[in-house]
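Here's a quick walk through the side-chain contacts and the confidence of this one. Have the viewer open as you read.

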Amino acid sequence: MDGEVRNKAFMKKIFLIWVILETCVLIVSAEVYKDTLNMRFGLIDGKVSVIKYFCSDSALIDISIPDSIPFGTNNFPVTAIYSKAFEYCTTLSSIILPQSLESIMSEAFAYCSSLDSIYITSAISEIGFSPFKCCDLSHIVVDDNNPFFDNRGNCNAIIRTHDNCLILGCKTSEIPESVVEIYEFAFDGCDIELVDLPSSLKKIGSMAFINCDKLKRIICRAVEPPITDHTLFLHTVPFTLFVPESCIDTYRSNYCWNSIKETIPDTSWVDRLWFDVNIQKFYRMETTPIEIKSISELYDISDMLDNPQE
């Protein structure tokens, strides 16, 4: 009997401790909301997040997110943009991010189809998956004082500095030779037509080029096929892959790369594609190798895309 009483007393103590802990969690995580500037802001732990933008404009709009928002008698810094906060704001043509911003969450600006440029401020240390999915970005700039990310060589991409991982690209990105990894969803929904992958590349994350409907050709300079998986080009139209002569068999025998085929009709003019002086020869997957007769036979790809030569 005494044992049963002691067990009941012990269970009551456990229950009281649980109630106290739950109450503390609720107090710590309590959020206060405020609607202003067509945006909903949330205050938690002394920091403000953009929860939602209420997009109702029919004309193109420019938005500047303030560095701080008043709650009560105090101003609190705006440090985060929540996931999907600006989703489907198709009239958003430009956005000025606050200097106080630390985090842009996944798909924060997804489907903002009129947005063509973004400036990553100096305090941003966290960027989620596909923050600009299916936008029309052509200019990406990172503040020179940002210690976490950079856009070295004006590459129009965001590179995580400490591990040389490209986490976000756009239709005009030029991937630097120093990049060793491309992050998951990095080019999700980009209108990119040509991708030139550097020889330094070791890994490409899942679905990095998903929904790239305008992709026509990829040049991969890596001798060893970058580590990836079968979702790499999910929902992407057929394209041509060019690889160095020395590794054609390696690519053909690789599980994640060997299904890529040449399917673009009338590509005779592509046979005069420009080439790297050090490699001097590229192969199309699943087709006859491309032979370059002279090193002086140099062509500009962008011009050829618009004006194919016979």
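## Charges over rings

In this predicted model, Lys 34 places its charged end over the ring of Phe 71, 5.9 Å from the ring centre. Arg 160 has its charged end over the ring of Tyr 183, with 5.3 Å to the centre.

## Aromatic pairs

There are eight aromatic pairs in the structure. Take Phe 86 and Phe 109: the ring centres are 4.8 Å apart and the planes sit at 15 degrees, so this pair is stacked. Phe 86 is in the loop between S6 and S7 and Phe 109 in the loop between S8 and S9, so the pair ties together parts 23 residues apart in sequence. Phe 86 is buried, at 0% relative accessibility, and Phe 109 is buried at 0% too.

Phe 129 and Phe 185 go edge-to-face, with 5.6 Å between centres and 70 degrees between planes. Here Phe 129 is partly exposed at 35%, and Phe 185 is partly exposed at 21%.

Ring pairs also link Tyr 53, Phe 86, Phe 109 and Phe 132 into a cluster.

## Strand S4

S4 covers residues 61-64, with Ile 61 and Ile 63 on the covered face and Asp 62 and Ser 64 on the uncovered one. S4 pairs with S7 in the parallel sense over four bridges, and Ile 63 has Ile 95 as its bridge partner in S7.

The average pLDDT is 78, and 72% of the residues score at least 70. Residues 18-30 fall below 50, with five contacts beyond near neighbours in sequence. Residues 261-310 are also below 50, but that stretch has 102 such contacts in the model.

Terms used:
Residues are numbered from 1 along each chain as its sequence is written. This is a predicted model: local features need pLDDT of at least 70, side-chain atom pairs count only at pLDDT 80 or more; totals for chains, interfaces and linings use all residues. Side-chain values use heavy atoms; hydrogens and water are left out. pLDDT is the predictor's confidence in each residue, from 0 to 100. Contact means heavy atoms within 4.5 Å. Buried means under 20% relative accessible area, exposed over 50%, partly exposed in between (1.4 Å probe, protein chains only). Helices (H or I, at least four residues) and strands (E, at least two) are DSSP runs, numbered from the N terminus. Two strands pair if DSSP finds at least two bridges between them. Rings of Phe, Tyr and Trp (its six-membered ring) pair if their centres lie within 6.5 Å; planes under 30 degrees apart count as stacked, over 60 as edge-to-face and the rest as tilted. A charge sits over a ring if NZ of Lys or CZ of Arg is within 6 Å of the ring centre and within 35 degrees of the ring normal.
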